Amino acid sequence: MEFIDLKAQYRALQPSIDARIKKVLDHGQYIMGPEVAELEQKLAAYTGSKHCITCSSGTEALLMSLMALGIGPGDEVITTPFTFAATAEMIVLVGATPVFVDIERDTCLIDVSKIEARITPRTKAIMPVSLYGQVCDMDAINALAARHGNIPVIEDAAQSFGASYSGESGVKRKSCNLSTIGCTSFFPSKPLGCYGDGGAIFTNDDALAKAMREIRVHGQERRYYHTRIGVGGRMDTIQCAVVLAKLERFDWEVERRLSLGDEYRKLLTEAGLPVKLITVRPDRDCVWAQFTVIVENRAEVQKHLQEQGVPTAIHYPLSLNRQPAYRNDESAAETVNSHWAGERVMSLPLSPDLTGDDQLRVLGALVSAII
């Protein structure tokens, strides 16, 4: 059993993927070829955003967003410590300081009720992370940011592309089009992935879009005319071609992720196992980039599952403010839920081509491991 079965996905899409890659090889425009603009147009339409700027990775998407907002030394960015390192890494690389706010135990998402107390005159952005495929309470975060001088909000949506959110308005909207800027990743294991690294930035702000397009190509407004400091942040044409092919069945894959997540939850609930499920709020869905549960005695459970041929993963074992590179003892003392979750979360196999028999096999291994 594969933790994420990319081989099955390729077999299903092989004719389209191969044809798309061959087209790039034929025209030879490996950097900023026509597939780049085509993908940006289709992704913008999918999310409902005015602008989509593809880039070399989800990490680079965060960096370019911070740079476009002019965030730097002396500034603070509020985020969660319960995330992949790239979230805080990019804040530090522009010279700013990450300010960590604890998570909710049931969703593992940033606790919006604790954000306001951490806002200072130095707060230049709020960066919530849409973890495991579920969007944060973006309406509440946006309202809070607006009350404090229209602080920009950057959704780190590396795991939630394809997810929907209704919030207070009741109108269903897509992740990446819920705030000032949305950033996602096309790392192969993500809900929409390429065959290398890639990412995208979404915004409805014309000035920010222009800035990020220039930053992506070393700060160039036009060839050899540099208006700002930039990076080499382009997404390769071949990777754009792969994502274009995968978009052909992406709606089906999202529905499969939703269905498989519901089935896991049903099976685990009916089995009566002492396994805590991640809460999905009623005003949103979860595309389950990782199907994560909370278990006690995790190491023993993982060892047993491995012996049964069932792979698992941990997202994430140690909160960032306890990591050597980002250690902050003061905030670590306040982010007790992040530490609690880090000791207990465990992700089970899930990808669109997972079968019902696969899920029953995972359940059987869990039952024998826990009971």
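Tutor: The answer below goes through the salt bridges pair by pair.

The model is predicted, so local features need pLDDT of at least 70 and side-chain atom pairs count only at pLDDT 80 or more, while totals for chains, interfaces and linings use all residues. Residues are numbered from 1 along each chain as its sequence is written, and side-chain values use heavy atoms, with hydrogens and water left out.

Side chains of opposite charge can pair when their charged atoms come close. Here a salt bridge means a side-chain nitrogen of Lys or Arg within 4 Å of a carboxyl oxygen of Asp or Glu. Searching the whole structure gives 24 salt bridges.

Glu-104 and Arg-281 meet through their side chains, N to O, at 3.3 Å. They are 177 residues apart: Glu-104 is in the loop between strand S3 (97–100) and strand S4 (123–127), and Arg-281 is in the loop between strand S12 (276–277) and strand S13 (291–294). Strands are DSSP runs of E with at least two residues, helices are runs of H or I with at least four, and both are numbered from the N terminus. Arg-281 has a relative accessible area of 23%, so this residue is partly exposed.

A second pair is Arg-173 with Asp-139, a salt bridge of 3.2 Å from N to O. This one also links distant parts of the chain, 34 residues apart, with Arg-173 in strand S7 (residues 173–174) and Asp-139 in helix H5 (residues 138–147). Arg-173 counts as partly exposed because its relative accessibility is 23%, whereas Asp-139 counts as buried because its value is 13%.

Glu-270 forms a salt bridge with Lys-266, and their closest N and O atoms are 3.4 Å apart. Both residues belong to helix H8 (residues 250–271), where they are four residues apart, about one turn of the helix. Glu-270 is exposed because its relative accessible area is 58%. Lys-266, at 42%, is therefore partly exposed.

Salt bridges can also join into a network. Lys-210, Glu-214, Glu-221, Arg-222 and Arg-228 are linked in this way.

Definitions and conventions. Buried < 20%, exposed > 50% of the residue type's maximum accessible area, 1.4 Å probe, protein only.
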